[in-house]
Every structure is written in C-alpha cells, then in structure tokens.
Amino acid sequence: MENWRQFINESNIHPNIMRMIDRLENEDGGKVRINKYQVLVKDRQNKTLAQVSYDPADGMYGKCAGASIVSFSEAEGGYGPLAYDIAIEATGGLVSDRTEVSNAARGVWDYYDNNRPDVIKQQMDNLENELTPEEKDNCEQLTADQDGQSSSWKDSPLSKKYSKPHGKTPVIDELIKRRMLHQKHPLKKDFSADGMTPGKYNGDLHPGGIP
C-alpha cells in the first residue's frame, strides 16, 4: 500500500494506464488524436483501437456540473480505459451516456468509482433535486436508475462525474512527452451544442454536423 501511494504521488498515472501507454507505444506503434469532441487511440496502420466521443453539457440532460457527456465509445485490445482517461482529462470532467450504457462501458465506470484513487468522483443529483437544492449538479439519471447492478441510482457509478485532481492532465502530459499525441484543438474549451447526440460522427464537427 505504501508503494502504491508513492506511485500515485510521483506520477499521478494509474499503473494499468501506464502499461497501456507502454504497450501502445512499443507493441502497436500507436498514437492518440484528440479532436473537439472525440478521443481516438490508433495503431501504426492508423486503425482505431479505441474511441470515446462526447458532447459538451448544454442543459438538455441538466447542467451535470459542467461535465461533458459520453455519446459513443468502442474499443479493442484493452485500450478502452486509456481512451476514457484521456477523455476525462481533455474535457475536464466526464459523465456516462445519460440514455444508454453497454455492459463493457458500465464496467469501466465501476472501476473508476471503486478502484481509482487518482480520479475524483462527484455525485450528481437527479433532475428532481432529490439530493441538493442546487441546479448545477442536476443530471439526467436514466442509465443510473436502470442500472440493475446497483441498489439505487445514487449507488450507481453511472450517477457520478469523473475528473482529475486540480485539473491536471498526467496521461496527456505523458503522451506529449513521448510524442504520441496529435492534439487538433485546445483542451477544456467550451463549445456550444444543439443537443444532438448521434452515435458516430466526425470528431472535428459539431454533433449536429456544424463545423
């Protein structure tokens, strides 16, 4: 446990994520691309190994404490958690899809909730203000409410916002250091959204197709 604390204090990168970065660099010759609304993990042939797309919070599902909302994710080769970690850092805070979450994605959020001391978990309220009188933490809790693996929506990992302490970006910094990152747009910048959340779209475009 003492060695674990020392590792977290020194690098702020979870050891599993660091191993994924090592494998991506050494075995797959991969790179990471961050678009406005999308994180892509690619191999040396430019094949997509993992993708997390997200929309800025625009009020359609509540304010969600300013978190971006996942709209689509897919992964192979075990790179999903790396893509999620990068998306959390790139957006400054992420919540799961508010209408549908796959079992695989639910497992990632559960791991963040229970096994990632390097990630901040912030409990979101529902749209009925069941937990707090404030509006800023209100967030649609449909997926959490339908989570059969939790006793209530409040106990579901899908009911929380996930971010890194002090807005730090240790994973992105490591990728930059290794020259593995292609970053097309500034991080953590607010973009207007029209509330459209198609499953797949070009990450360089607004979710509604607006440049």
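Visitor: In what order do the elements of the protein chain run from the N terminus on?

Guide: From the N terminus on, the order is α-α-β-β-β-β-α-β-α-β-α-β-α-β. That comes to six helices and eight strands in the protein chain. Helices (H or I, at least four residues) and strands (E, at least two) are DSSP runs, numbered from the N terminus. Please keep in mind that this is a predicted model, where local features need pLDDT of at least 70 and side-chain atom pairs count only at pLDDT 80 or more, while totals for chains, interfaces and linings use all residues. Residues are numbered from 1 along each chain as its sequence is written, and side-chain values use heavy atoms, with hydrogens and water left out.

Visitor: How many of the 211 residues count as buried, as a percentage?

Guide: Buried means under 20% relative accessible area, exposed means over 50%, and partly exposed lies in between (1.4 Å probe, protein chains only). Of the 211 residues of the protein chain, 48% count as buried.

Visitor: Is Ile172 buried or exposed, and what about Gln146?

Guide: Ile172 has 1% relative accessibility, so it counts as buried. You will find Ile172 in helix 6, residues 170–177. Gln146 has 56% relative accessibility and therefore counts as exposed. Gln146 sits in the loop between helix 5 (142–145) and strand 7 (160–163).

Visitor: How do I read the packing of two helices?

Guide: Two packed helices are described by the angle between their axes and the distance between the axes. Axes are lines fitted to C-alpha atoms, for helices over the stretch in contact, and angles run from 0 to 180 degrees between N-to-C directions. Here, helix 3 (residues 80–91) and helix 4 (residues 103–115) pack at about 60 degrees, with axes 11 Å apart.

Visitor: What word describes how helix 3 and helix 4 lie to each other?

Guide: Angles under 35 degrees count as roughly parallel, over 145 as roughly antiparallel, 65 to 115 as roughly perpendicular, and the rest as oblique. Helix 3 and helix 4 are therefore oblique to each other. Helix 3 passes helix 4 in a right-handed crossing; a crossing is right-handed if the near helix is turned clockwise from the far one by less than a right angle, and left-handed if anticlockwise.

Visitor: Which residues of helix 3 and helix 4 meet?

Guide: Contact means heavy atoms within 4.5 Å. Pro81, Tyr84, Asp85 and Ile88 of helix 3 meet Ala105, Val108, Trp109 and Tyr112 of helix 4. By class, this contact has seven nonpolar, no polar and one charged residues. Ala, Val, Leu, Ile, Met, Phe, Trp, Tyr, Cys and Pro count as nonpolar, Asp, Glu, Lys and Arg as charged, and the others, Gly among them, as polar.

Visitor: How many residues of helix 3 are buried?

Guide: Eleven of its twelve residues are buried, so helix 3 is largely enclosed by the rest of the structure. Among them are Leu82, Tyr84 and Ile86. Just after helix 3, Gly92 takes a positive phi of about 85 degrees.

Visitor: At what angle do the axes of helix 2 and helix 6 cross?

Guide: These axes cross at roughly 25 degrees and come within 11 Å. That makes helix 2 roughly parallel to helix 6. The contact is made by Ile17, Met18 and Ile21 of helix 2 and Val171, Glu174 and Leu175 of helix 6. In helix 2, the buried residues include Ile17, Met18 and Ile21.
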